[in-house]
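Subject: Structure for your files

Hello,

Here is the structure I said I would send. My notes on it follow below the display.

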Amino acid sequence: MRKLASTAILLLAIACAQTPEPAPECLLRNPIIPGFNPDPSVVAVGEDYYIVNSTFHYFPGVPVYHSRDLQNWEQIGNVLDRPSQLPLDDANASLGIYAPTIRYNDGVFYMITTNVSGGGNFMVTATDPAGPWSEPIWLEQQGIDPSLYFEDGKCYMVSNPDATITLCEIDPSTGATLSPGKALWRGTGGRFPEGPHIYRRGGWYYLLISEGGTELAHKLTVARSRKIYGPYEAFPGNPIFTHCSLAGQESNIQGTGHGDMFQAADGSWWMVFLAYRRYGGDFHHLGRETFLAPVTWEKDWPVVNGGKPVAEEMMVPLSAAPTAPEAVSVEYDFSSIGPEWMHIQHPEARNYSVANGILTLKGSGSGFDWGNPRPTALLRRQQSPECTFGTTVSLQGEGEAGIAIYQTHSGHIEFYVSREKGGKPCAEVRIRLHSILHTQASVPLSSAKARLDVKAFGDHYEFLLDGREIARLDSKLISTEIAGGFTGVTVGPYCQKGTALFNGFCYKENK
Ligand code: 6LW
């Protein structure tokens, strides 16, 4: 009896020693990276965390965000910042760069992704995640959403050819395939089994994937095996996370899926994943955003956020309370062009110049419609539903220049100053909606210089010419549900025709 009691005390002591102190509950604000930042992948290197996202037809491609507190993320660069890394000639908002994965092994960062309209799967490497990153190493195994797993000097690649999660070993220095592709899993029967990642915890290999497609039915499912090549057994309680459920269906956060798990410096587990914030029914226009939730383990299966839906504000066990992210408020003078600025396909350098706080853009004749390559435009993500952005534009001679609010080639808005040959200048608001091209307002101007401001109010945009409202448009018109694509709204100065001077550009979030 005494022996039993002392054994019990010993077991209890071991259990206590193994159970880490639960971290205090802190307020986390989601999304952690708002605006068009889909398909997140994350890597932890000590106390530094890095996230990358997909970018489709934008250049530069694949932003790199850094954080030390998991709440505040700063963009430190873009992985694909040279045309030689990123062929985009035939890309649109549904093509180009799909989901990337970032991993770290032996002092080297790896980013692997698919350029679906420019060569398929490839990876690049860097010793500093801010760059520079290498030239592409092209890979043989196809399927989208490739991921890497390193173990015992070996490098494994997993992707989804023929809708089957498939694993092979590769030589990371050449990209050569070292073993035939082995089919691991087809998921639980949901459409589009994709976004695979492999993790090791204890004696198990875990295969995390997404199913259901990136819309309302999006979900995360998991399988595990004692051996990397399988056989994998599916978790009987799949999906491990979705808002397409009784508990999640009322949330404004929908489309939850495409996740990547990681272990923080304090040993706790987390998942980043994508979701969008809907309004007015089932519409969203800011794109798929990056969210975070804690992961715990029950019977060696992962549990996301305690099995509950996530919220924009939620209490999570973080070892240090993060500061609340500040609303962005920037007056760009373009003395340097930060990593947040992007172009649709590669920019034509001669069409962009900056001097004394004035950005000069030259139109290439291309606008934002499909078939118009490489429009002259500098675009940044609209990251808050409520914000104001504007500029003073001065058109030199004939042409068209102003502010673009761009979702896809099939859904975009321009607020601009224009002057036709021999005509008088005017300011206009125009919207493209698939085959419809509609001018919402047209106001004559005494000169071809005007202050253009756009106020975004979540469900609509207001257009102010020299401080006076001249038009409103419903944001739903350029929502993903109507305009299509995998992207989210970006905004900024553009010039379609002629030459225009922009006196800075302001972007201020109201909350
Ligand atoms: C991406 C796929 C997905 O590669 O959509 O939501 C595709 N997930 O995993 C494009 O973002």
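**Notes on the model**

Leaving aside its neighbours within four places in sequence, S225 is in contact with G203, W204, Y205, G230, P231 and Y232. Please keep in mind throughout that this is a predicted model.

S225 belongs to strand β17, which covers residues 219-225. Its relative accessible area is 3%, so S225 is buried. The side chain of S225 comes within 2.8 Å of the backbone oxygen of K227, and it also reaches the backbone oxygen of P231, at 2.9 Å. P231 itself sits in the loop between β17 and β18 (233-234). The peptide bond joining G230 and P231 is cis, with omega of about 5°. Both G230 and P231 are on the contact list of S225 given above.

S335 is in the loop between β24 (329-332) and β25 (343-344). S335 counts as exposed because its relative accessibility is 62%, and the cut-off for that class is over 50%. Its side chain has a polar contact of 2.8 Å with the side chain of D333.

**Ligand site**

The ligand is surrounded by 13 residues, and the closest are D39, D145, T214, H258 and R288. By class, the shell consists of 6 nonpolar, 3 polar and 4 charged residues.

With E194, a polar side-chain atom lies 3.4 Å from a nitrogen atom of the ligand. Taken alone, the ligand exposes 290 Å², of which the protein buries 98%.

D39, one of the closest residues to the ligand, is in the loop between β1 (25-29) and β2 (41-45). D39 is buried, because its relative accessibility is 7% and the limit for that class is under 20%. Its phi is positive, about 50°, although D39 is not a glycine.

**Backbone points to check by eye**

Most residues other than glycine have a negative phi, and most peptide bonds are trans. Against that background, F56 is listed here for its positive phi of about 55°; it is not a glycine. F56 lies in the loop between β3 (48-52) and β4. With a relative accessible area of 1%, F56 is buried. A cis peptide bond joins F59 and P60, with omega of about -5°. P60 is in the loop between β4 (58-59) and β5 (61-67).

β13 is joined to strand β12 (residues 154-159) by 5 bridges, and the two run antiparallel. C155 is opposite I170 of β13. β12 and β13 make a hairpin with 5 residues between them, and D162 in its turn has a positive phi of about 50°. β13 also has 3 bridges to strand β14 (residues 182-185), again antiparallel. There, T166 has A183 of β14 as its bridge partner.

**The sheet β7 to β10**

In what order do the 4 strands of the open sheet come? The order is β7-β8-β9-β10, with antiparallel pairing. β7 (101-105) and β10 (137-138) are the edge strands, each pairing on one side only. Inside the sheet, 7 bridges join β8 (residues 108-115) to β9 (residues 120-126), and these two run antiparallel. Among the paired positions, M111 has V124 of β9 as its bridge partner.

Regards

Notes. Residues are numbered from 1 along each chain as its sequence is written. This is a predicted model: local features need pLDDT of at least 70, side-chain atom pairs count only at pLDDT 80 or more; totals for chains, interfaces and linings use all residues. Side-chain values use heavy atoms; hydrogens and water are left out. A residue is near a molecule or strand if one of its heavy atoms lies within 4 Å of it. A polar contact is a pair of N or O atoms within 3.5 Å; within protein, one must be able to donate a hydrogen and the other to accept it, and residues adjacent in sequence count only if both atoms are side-chain atoms. Accessible areas come from the Shrake-Rupley method with a 1.4 Å probe; for residues, only the protein chains shown count as cover. Ala, Val, Leu, Ile, Met, Phe, Trp, Tyr, Cys and Pro count as nonpolar, Asp, Glu, Lys and Arg as charged, and the others, Gly among them, as polar. Two strands pair if DSSP finds at least two bridges between them. Buried means under 20% relative accessible area, exposed over 50%, partly exposed in between (1.4 Å probe, protein chains only). Contact means heavy atoms within 4.5 Å.
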